[in-house]
Amino acid sequence: MTRYSISLVNGDGIGPDLANSGRMLLDTITDYSGIKFDIVDVEAGDNALIKYSKALPDFSFDSIKKSDVCLKAPVGEHAADVILVLRRHFELYANIRPAKSYPNVKSLHPSVDLVVVRENTEDIYLGWEFPIGNDAVIGLRLTTAEASRKIAQYAFEEAMRRGDKKSVVCVHKSNVMRVGDTMFSGISKEIARKFPDVEFSESYVDACAMNLIRNPEKYDVLLTTNLFGDILSDEAAQVVGGLGLAPAGNIGKTFAIFEPVHGAAFDIANKNIANPSSMFLSIKMMLEWLASRNKNNEETKLIEVGTKIENTLVGLLRENLKTIDIGGNLHTDEFTKNFISKLIL
Ligand code: ATP
């Protein structure tokens, strides 16, 4: 039996509440499913900066490096000093953000099931901004053929894995960014030729933002660049009922970090009202990723437990057992307790 070492970043704002719910779920899986997790708590974020003068202290970084995979609760004001550093270090080139409608959660359409596949290492996120005197700034945006190719390949493979609609829409703004985004879209077309079973189309980002409201159920895989993916995935999360249900994965060749899409949500911190579903669904994604790398025939078990996590959530929502953000009255700890006791492994 493999033991998986999970580094668990506790984060800021609602982060510790979500990390706590996530830990309870992982402990339950360890106790009942036969899959064993060793959880290593990791300090990173605003609180770590105050305590150790560094948002990602070296010992925290080392713990993450030693683990098999990282589960991260949201970090506050210094998120960039944590997640951007980790994405760069582990070359986590793909940011995967699914958005799905669930029963009894207000969605613009009852059958939305899409995923934003966002390039995760380039674009304006390199922080290349240069003041020109006191009243102007030049910002640089990087797009490379290599990163574009890797993310396009991932998007088409994801469309094949998901199976149902098998479609990829490449989202860009090549009518304005005529060099960078024309290259990005050109490469996606090139990769599309290798996947004849996947329907391929393109969309300008402004049109896509509109159609996500108008016909969200039509989308399957949205392939896009870093900034557009950041914005569209928050929009997609809201289309299906809010950030409280939005998980994400940062995937590289040998390592991955799973985390809720949302930030530290300081407005609801320390009130015990955060929705831990984003964390539970991030754990489901983590199990699927571990399954994809598994060499000990535990693949089926990992996938099975992931599916049970989602089914448990669906079961609770059907009974209208919900947190406050999506119209229910359960607090974080109550929802977590209900979730754990309904999850029969
Ligand atoms: P960031 O800029 O760090 O990405 P954001 O702009 O996505 O953050 P958040 O703080 O993540 O903003 O969330 C926006 C709002 O959504 C919050 O103010 C909060 O009300 C709500 N929200 C986010 N996550 C949750 C959650 N897990 N449960 C309940 N409400 C949430």
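## Aromatic pairs, ligand surroundings and selected residues

Phe59 has a relative accessible area of 43% and is partly exposed, a class that falls between buried, which stands for under 20% relative accessible area, and exposed, which stands for over 50% (1.4 Å probe, protein chains only). The model is a predicted one, in which local features need pLDDT of at least 70 and side-chain atom pairs count only at pLDDT 80 or more, whereas totals for chains, interfaces and linings use all residues. Residues are numbered from 1 along each chain as its sequence is written, and side-chain values rest on heavy atoms, with hydrogens and water left out.

A pair of aromatic rings is described by the distance of the centres and the angle of the planes. Rings of Phe, Tyr and Trp (its six-membered ring) are taken as a pair if their centres lie within 6.5 Å, and the pair is stacked if the planes are under 30 degrees apart, edge-to-face if they are over 60 degrees apart, and tilted otherwise. The structure contains 9 aromatic pairs. In one of them, the ring centres of Tyr4 and Phe37 are 6.1 Å apart and the planes stand at 45 degrees, so this pair is tilted. Tyr4 belongs to strand β1 (residues 3–9) and Phe37 to strand β2 (residues 36–42), and the pair therefore ties together parts that lie 33 residues apart in sequence; helices (H or I, at least four residues) and strands (E, at least two) are DSSP runs, numbered from the N terminus. Both Tyr4 and Phe37 are buried. For Tyr52 and Phe59, the centres are 5.0 Å apart and the planes at 85 degrees, so the pair is edge-to-face. Tyr52, with 31% relative accessibility, counts as partly exposed, and Phe59 is likewise partly exposed, at 43%.

One aromatic cluster is made up of Phe156, Phe195 and Phe200. Charged side chains also take up positions over rings, a charge being placed there if NZ of Lys or CZ of Arg is within 6 Å of the ring centre and within 35 degrees of the ring normal. Lys65 is found over the face of Phe61, 4.3 Å from the ring centre, and Arg118 is found over the face of Tyr125, with a distance of 5.4 Å from the ring centre.

His262 places a polar side-chain atom 3.1 Å from a nitrogen atom of the ligand, while Gly263 has a backbone N or O atom 2.3 Å from an oxygen atom of the ligand. In the side chain of Asp267, an N or O atom is 2.8 Å from an oxygen atom of the ligand. On its own the ligand has 620 Å² of accessible area, of which the protein covers 61%, as computed by the Shrake-Rupley method with a 1.4 Å probe.

Thr332 is located in helix α11 and, at 2% relative accessibility, counts as buried. Glu334 is also placed in helix α11, which spans residues 332–342, but Glu334 counts as partly exposed at 35% relative accessibility. Between Glu334 and Asn272, which are 62 residues apart along the chain, the C-alpha separation is 9.3 Å.

Two residues in loops have positive phi values. Ser53, which is not a glycine, has a phi of about 65 degrees; Ser53 sits in the loop between α2 (46–52) and α3 (58–66) and is exposed, with a relative accessible area of 63%. Asn270, also a residue other than glycine, has a positive phi near 60 degrees; Asn270 occupies the loop between β12 (256–260) and α9 (277–293) and is exposed at a relative accessible area of 75%.

Conventions:
Polar contact = N/O pair within 3.5 Å; in protein donor to acceptor, adjacent residues only side chain to side chain.
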